[in-house]
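User: Hi! I am new to protein structures and would like to learn how to read one. Could you take me through it step by step?

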Amino acid sequence: MAKNPASALFDADRDFLAALQAHLKANVEDHDALVALGLFYLSRGQPDKALECFNRVSRADPKYPGIWRFKAKAFDALGDKAAADQCRLRGSDPHS
């Protein structure tokens, strides 16, 4: 019997999330993995969890490429326009 495509996607999401979380347990400060996890959460409608990941990165490396744009997207999704605008402003500053 063929597997339901939606079920296969859910399985792939679960497997990806488990692999990424396992990697982060062993490599707590892997900023690329944290951003990937944040983008995963953001794409799945969980901007609060995404922001947790992005905040960890921006605290450790505020010059991480794109981190302020990612944070702005998460704040937009949360409906916090003021914080999103602040992140966009910070991201446009080449000295931040």
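Analyst: Happy to! Let's start with the terms for helix packing: axes are lines fitted to C-alpha atoms, for helices over the stretch in contact, and angles run from 0 to 180 degrees between N-to-C directions. Contact means heavy atoms within 4.5 Å. This is a predicted model, in which local features need pLDDT of at least 70, side-chain atom pairs count only at pLDDT 80 or more, and totals for chains, interfaces and linings use all residues. Residues are numbered from 1 along each chain as its sequence is written, and side-chain values use heavy atoms, with hydrogens and water left out.

User: How many helices and strands are there in the protein chain?

Analyst: Helices (H or I, at least four residues) and strands (E, at least two) are DSSP runs, numbered from the N terminus. Here the protein chain has 5 helices and 0 strands, so its elements read α-α-α-α-α from the N terminus on.

User: At what angle do helix 2 and helix 4 pack?

Analyst: Helix 2 (residues 31–43) and helix 4 (residues 67–78) pack at about 25°, and their axes are 11 Å apart. Angles under 35 degrees count as roughly parallel, over 145 as roughly antiparallel, 65 to 115 as roughly perpendicular and the rest as oblique. Helix 2 and helix 4 are therefore roughly parallel to each other. Val 35, Leu 39 and Leu 42 of helix 2 make the contact with Ile 67, Phe 70, Lys 73, Ala 74 and Ala 77 of helix 4.

User: Into which classes do the residues of that contact divide?

Analyst: Ala, Val, Leu, Ile, Met, Phe, Trp, Tyr, Cys and Pro count as nonpolar, Asp, Glu, Lys and Arg as charged, and the others, Gly among them, as polar. The contact of helix 2 with helix 4 has 7 nonpolar, no polar and 1 charged residues.

User: Are helix 2 and helix 3 roughly parallel or roughly antiparallel?

Analyst: Helix 2 and helix 3 pack at about 160°, with axes 7 Å apart, and are therefore roughly antiparallel to each other. Residues of helix 2 including His 31, Val 35 and Leu 42 meet residues of helix 3 including Phe 54, Val 57 and Ala 60. By class, this contact of helix 2 with helix 3 has 12 nonpolar, 2 polar and 2 charged residues.

User: What share of the residues in the protein chain is buried?

Analyst: Buried means under 20% relative accessible area, exposed over 50%, and partly exposed in between (1.4 Å probe, protein chains only). Of the 96 residues in the protein chain, 34% are buried.

User: Why does Phe 54 count as buried?

Analyst: Phe 54 counts as buried because its relative accessibility is 0%. Phe 54 lies in helix 3 (residues 47–60). Leaving aside neighbours within four places in sequence, Phe 54 is in contact with Val 35, Gly 38, Leu 39, Leu 42, Ile 67, Phe 70, Lys 71 and Ala 74. Phe 54 and Val 35 are 19 residues apart in sequence, and their C-alpha atoms are 6.2 Å apart in space.

User: And which residues are in contact with Phe 70?

Analyst: Phe 70, found in helix 4, is in contact with Val 35, Leu 39, Leu 42, Phe 54 and Pro 65, leaving aside neighbours within four places in sequence. At 18% relative accessibility, Phe 70 counts as buried.

User: What does His 31 touch?

Analyst: His 31 is in helix 2 and touches Val 57, Ala 60, Asp 61 and Tyr 64, not counting residues up to four places away in sequence. His 31 counts as buried, at 18% relative accessibility.
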